[in-house]
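Visitor: I am new to this structure and would like a close look at one part of it. Please then connect that part to the rest.

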Amino acid sequence: MKINLHGSLCAQLACLILWPALSLAQSSDLVQNLADCKAGRVTCDRSKLSLSQAAELDATDRERNVSSCRNGFRDCDHSKLTGRQAIALAVADHQRNVSECKDGLASCDPARLTQSEARESSLAARQRNLSDCKDGIGDCDRSKLSPAEAVAVNSARRQLNVSDCKNGAGLCDHSQLTGSENGEVAAAEHQRNAQNCENGWDECDHSKLTPLEAGQTVAAEHRRNISECKNGQETCDYSKLTSSEAKMLADAEQQRNYAACLKGYGYCDRSRLTPSEAKTIPSGSKPLP
């Protein structure tokens, strides 16, 4: 009898100890189940939802359905919309179709447009075609241009061609240039070549430089080389330095090396120190802070 009583007490004690853990695990499962239901996962078990959770899930489902309908998704269920939601959706759908028609999108349904909206869409398409023809991009249909628009397009395309030729970009057609335009383009091309040469850029033709421009290019190249040598760049050509420039760079490097050895910061080569410099740094000790 005492043994049974003792066993019963132990079992009850074990239940009391394990109950919080079991309750916590069960609570965690219910929370996860609610999350699965809200996310529309197949692991959702609606039978485990409380009344408040079921109501919360229904609200979430309605919101998701409204969002799907607004975005034109296939999972939209119009039968679940309220009267106000259906009206708001119809208004949004109509406005979206009007916008798509004005932008010339393939999803446009012209049959759903009112007469005034159709006129606006037609005007937008006409303006878009005119702009494409002027800019030489998009689907330009010259057959849809009025005589005045055709004149405006020809003028715009001629100016665009002149600009392309001057800038050395786009589709330049020299055969369409007038005599004065050819002169302007030649001047622009010459200036661009001189700039390329002076800045060390590609597409430089030294043979096209004037003596003055050639001198400016040589001076600019020399300045760049000095800068590259000062910065220790691999493109430095020491053979192009004058004796005074080479000495200036050597003195600057000597000072840099001494400062690095003295302060203990940066690359230090003690073998390059002068006797007087070496004396300021105790032999066998670390560089001074």
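Visitor: Where do Glu 253 and Arg 256 lie, and how many residues apart are they?

Guide: Both Glu 253 and Arg 256 lie in helix H8, three residues apart, which is about one turn of the helix. The model is a predicted one, in which local features need pLDDT of at least 70 and side-chain atom pairs count only at pLDDT 80 or more, while totals for chains, interfaces and linings use all residues. Residues are numbered from 1 along each chain as its sequence is written, and side-chain values use heavy atoms, with hydrogens and water left out. Helices (H or I, at least four residues) and strands (E, at least two) are DSSP runs, numbered from the N terminus.

The side chains of Glu 253 and Arg 256 meet in a salt bridge, 2.9 Å from N to O. A salt bridge here is a side-chain nitrogen of Lys or Arg within 4 Å of a carboxyl oxygen of Asp or Glu. Side chains of opposite charge can pair when their charged atoms come close. Glu 253 is partly exposed because its relative accessible area is 29%. Arg 256 is partly exposed as well, with a relative accessible area of 34%. Elsewhere, salt bridges that share partners join Arg 46, Asp 61 and Arg 64 into one network.

Helix H8 (residues 243–263) also holds Asp 251 and Lys 247, which are four residues apart and so separated by about one helical turn. Asp 251 and Lys 247 form a salt bridge, with the closest N and O atoms 2.9 Å apart. Asp 251 counts as partly exposed at 38% relative accessibility, whereas Lys 247 is exposed, with a relative accessible area of 53%.

By the salt-bridge rule, the count comes to ten salt bridges. One of them joins Lys 102 and Glu 120, whose closest N and O atoms are 3.0 Å apart. This pair links distant parts of the chain, since Lys 102 is in helix H3 and Glu 120 in helix H4, 18 residues apart. Lys 102 counts as partly exposed because its relative accessibility is 33%, and Glu 120 counts as partly exposed at 41%.

Helix H3 (residues 83–102) is also the place of Val 98. Val 98 is buried, with a relative accessible area of 6%. Contact means heavy atoms within 4.5 Å. Leaving aside its neighbours within four places in sequence, Val 98 is in contact with Leu 113 and Glu 117. The C-alpha atoms of Val 98 and Leu 113 are separated by 6.8 Å, and the two residues are 15 apart along the chain.

Helix H4 (residues 115–135) contains Asp 132. Asp 132 is buried yet has no salt bridge, and the nearest side chain of opposite charge, Arg 128, is 5.7 Å away. In assigning charge, Lys and Arg count as positive and Asp and Glu as negative, while His and the chain ends are not counted. Not counting residues up to four places away in sequence, Asp 132 touches Ile 137, Gly 138, Asp 139 and Cys 140.

Helix H4 also meets helix H5 (residues 147–167): their axes come within 7 Å and cross at roughly 35 degrees. Axes are lines fitted to C-alpha atoms, for helices over the stretch in contact, and angles run from 0 to 180 degrees between N-to-C directions. Among the residues that meet are Leu 130 and Cys 133 in H4, and Ala 152 and Val 153 in H5. By class, the contact of H4 with H5 has six nonpolar, no polar and five charged residues. Ala, Val, Leu, Ile, Met, Phe, Trp, Tyr, Cys and Pro count as nonpolar, Asp, Glu, Lys and Arg as charged, and the others, Gly among them, as polar.

Leu 57 lies in helix H2 (residues 51–70). Leu 57 is buried, with a relative accessible area of 0%. Not counting residues up to four places away in sequence, Leu 57 touches Cys 37, Lys 38, Arg 46 and Leu 49.

As for the whole, the protein has nine helices and zero strands. Buried residues make up 20% of its 289 residues. Among contacts between residues at least 6 apart in sequence, 14% join residues at least 24 apart.

Notes:
Buried < 20%, exposed > 50% of the residue type's maximum accessible area, 1.4 Å probe, protein only.
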